[in-house]
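Welcome, and thanks for opening the viewer. Please load the model, switch to a cartoon view and get ready to pick out some strands.

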Amino acid sequence: MTFFHLFRLQRSMYAHFAAGFCMLLLLSSCATTSDPVRLEHTVIISEETYKKAEKLLSWNVSEHILHHNVRPHWIDDDRFWYRVRTEGGHRFYLVDPEQASRQPAFDHEKMAATLDTLFEQRVKATRLPFRSFEFVDDETRIRFTAEEKTWECTLSHYTCTETDRVRPPENSVLSPDGRYAAFIDSHNLWIRDLETEEEFALTTTGTKGHGFAANSQGWFRSDRPVLNWSPDSRKIATYRLDEREVKPMHLLETAEDRPLLMSWPYALPGDTIVPKLERVILDIDERKKIWLDIEPSHQRTSNCCGLERDGAWTDHQWSPDGSTLAFVTTSRDYRQVDLYIANTRTGDVRHIYRENAKTFFESNLSSRGHPNWRVLFDRDEFIWFTRKDEWGHLYLHSLMDGQPIKRITEGNWNVIDVHHVDPKRAQVWFTAVGVDPEVDPYHEYLYKTGFEGVITGTPELISTATGHHRIHMSPSGRFIVDEFSAFSQPSETVLLNRKGQTIKELETSDIQALLEAGWTAPESFTAKARDGETDLYGIMIKPESFDPGKTYPVIINIYPGPQVGSVGSRSFMAARRGEVHALAALGFVVIQLDALGTPFRSKSFHTAWYGDMSDNGIEDQIAALRQLGDQYSWLDIGRTGIYGHSGGGYATMSALLNHPGVFSAGVASAGNMDNRGYTYYWGEKYQGLRKIENGYDSYRNQVLARKASALQDPLLLTYGTMDSNVHPNSTLLLIDALIEENRDFDLIVFPNRGHGYASEPYHLRRTFDFFVKHLLNAVPPAGVQFE
């Protein structure tokens with residue numbers, strides 16, 4: 001008998017729980033038979049304790065970090081403005097790298113006084129009614145939107161007037177020069193000329209299920225078109241999406257009298273008919289279509305997730321004059337990628353290069369990172385990112401025949417993002433992890449290397465400050481905005497030149513208010529994976545009142561990936577996934593660990609459980625838990641909870657069903673409990689193509705419902721009835737199996753909620769209550785309302 005089984009047997013002798021099942025609708029309540037037995041010395045958690053935790057919820061701590069999170073908005077090749085939280089609100093600053101200057105973008109007090117009079121309401125200088133603006137008329141005026149109107153204000157006298165400028169339609173995509181807005185109307189792509197007010201159709205043959213630029217990806221949908229403008233704003237690269245015969249998914253919206261049916265195309269693993277993209281170039285001046293001479297493409301990108309990056313169709317690169325378009329296609333199983341060059345005048349397409357991977361290809365290891373391939377049109381070369389030797393590196397190839405020219409980077413480390421390429425100097429700037437074996441292998445640093453002459457194995461370090469670096473390079477590549485921080489190290493933001501020399505210190509974070517709210521910094525730890533050899537990295541969050549002389553239950557917050565891990569960004573953050581700081585404040589030690597199957601390490605590490613998504617890295621979580629229990633006497637690993645949302649909900653259920661008795665309680669929300677019923681975009685990448693033959697189903701191993709009889713630990717399941725990402729059907733199949741096996745569990749159904757309800761106050765409060773009952777053997781305060 002394991003330690004965990006022994007502990008649970010002992011615990012059941014003095015505090016067992018009654019069986020029962022209770023379906024709860026949001027904002028209703030009923031007594032559940034999983035409440036702890038009221039003993040003579042019942043511990044009751046006070047409402048005051050919950051209110052202390054409430055102070056650490058993400059929406060409450062967001063205002064407690066000042067001078068943090070600088071995001072440059074480039075005015076030209078080098079100058080930029082940014083908005084930052086300061087004492088009392090926000091201010092806008094203008095930076096000129098050439099002059100090493102930073103100054104207010106305008107007079108905030110004068111602007112506030114003018115708007116105060118204009119809007120007939122109190123306007124403070126640090127709480128202006130706009131978050132963004134643009135300079136106009138040689139920077140003598142600024143233009144912004146407020147009160148649902150567009151305004152222009154002079155910077156000489158601060159007079160503001162409403163403009164008659166034509167506004168772009170809702171859900172439109174602006175051209176680079178700001179003149180045109182592309183939008184979808186009746187399945188066709190239209191243009192609104194913001195100078196002349198003219199509107200015209202670029203396509204006329206789009207129909208339902210066969211529309212132009214349609215953003216219908218099954219798991220994600222939007223009315224905003226998917227496209228990529230040419231640099232000169234004269235052409236658009238897009239597609240006609242053929243999903244006419246794709247099988248639909250259905251949801252019922254809760255309503256008075258009769259529910260409302262919502263149906264839309266949603267391809268599943270193994271479907272014979274899936275969406276296809278028919279690639280086309282649209283010419284604005286000639287108002288014509290140029291179909292590319294290539295077979296329809298699968299609805300894929302060369303890295304996770306979705307078709308767009310920064311609002312543009314990704315895996316495309318225009319030549320400067322717009323005459324040529326480079327693009328990459330990805331096969332349905334994500335194992336084959338191809339680079340093509342298209343003539344945008346004729347539609348002729350030339351194949352350049354192909355790579356095949358044994359599991360799945362990634363052009364960037366960051367979720368929603370920009371693909372790391374670059375075409376150097378003037379050199380007839382291209383840079384290619386691949387993990388063909390186990391680590392993610394850059395290679396130089398000929399654009400004429402695709403043949404490799406030389407390797408650009410090498411070593412047991414990964415390139416993360418290519419930030420700038422200088423073709424003339426043959427230099428590339430990129431972030432990478434793991435270059436220095438003495439540094440946290442997840443901390444990103446900026447490096448530079450050349451790709452002419454002899455290539456050395458070690459690139460030049462540009463961002464030298466200790467910490468994890470978030471990098472923004474100016475369009476010219478001459479200047480760098482570098483924000484660096486770590487879990488317990490508040491951010492500093494500096495302006496660097498391309499050599500890494502500091503030009504100007506921009507911001508230093510102030511976290512005094514955060515500390516006063518009871519926030520504690522995450523503490524890093526390392527542990528060995530299930531193999532006893534591989535290093536794993538995680539963090540733990542302790543309560544503010546932590547006392548090493550006491551013992552604390554442990555709760556694992558899990559997101560298994562494979563596109564990200566549980567920990568997420570290594571930057572300083574006031575709140576992290578799962579509201580872990582607030583949960584810890586109730587008297588728990590909360591852990592996040594990046595297990596096998598997550599990115600940024602070797603390819604073998606990332607693909608460790610390819611083909612069996614139910615693995616979820618749980619054995620690594622358990623191995624690390626036991627090591628931490630041996631190391632710290634104040635960790636009571638006999639009282640361990642686990643929870644997660646979406647993939648984390650699936651991982652939580654996998655933990656409870658594949659490892660019964662290890663966890664004392666679990667909360668699984670919005671989980672893709674059976675990937676046969678989740679988008680083919682996901683399962684076919686990480687589980688592989690579904691194969692069914694002679695009674696064999698390659699997806700059977702990841703179906704959790706067939707393991708329902710193994711449930712023996714307290715479970716809270718939740719789902720939203722209008723979740724169009726992870727359809728509730730897979731959770732309902734699991735519920736049906738649990739009932740069939742006569743297993744006890746609690747359930748909360750969120751009517752008309754989509755996928756993003758995890759941080760709703762009610763859901764958080766019920767999650768916290770569940771762990772208080774089952775891990776602290778205590779009674780939570782009744783009906784606390786988080787605000």
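Before the first stop, one term: two strands count as paired if DSSP finds at least two bridges between them. Keep in mind, too, that this is a predicted model.

**Stop one: β5 and β6.** Select residues 89-96 for strand β5 and residues 101-104 for strand β6; the two run antiparallel and are joined by four bridges. Now show Asp96, and you will find Ser101 of β6 standing opposite. These strands make a hairpin with four residues between them, where Ala100 takes a positive phi near 50°.

**Stop two: a sheet of four strands.** Next, bring up β7, β8, β9 and β10, which form an open sheet in the order β7-β8-β9-β10 with antiparallel pairing. Which strands lie at its edges? They are β7 (134-136) and β10 (160-162), each pairing on one side only.

Show the side chains of Cys153 and Cys160: Cys153 stands opposite Cys160, which belongs to β10.

**Stop three: β41 and β42.** Highlight Glu492 to see Thr508 of β42 opposite. β41 and β42 also form a hairpin, again with four residues between the strands, and Gly500 in the turn has a positive phi of about 95°.

How values were computed:
Residues numbered from 1 in each chain as written. Predicted model: local features only at pLDDT ≥ 70, side-chain atom pairs only at ≥ 80, totals over all residues. Heavy atoms only, no water.
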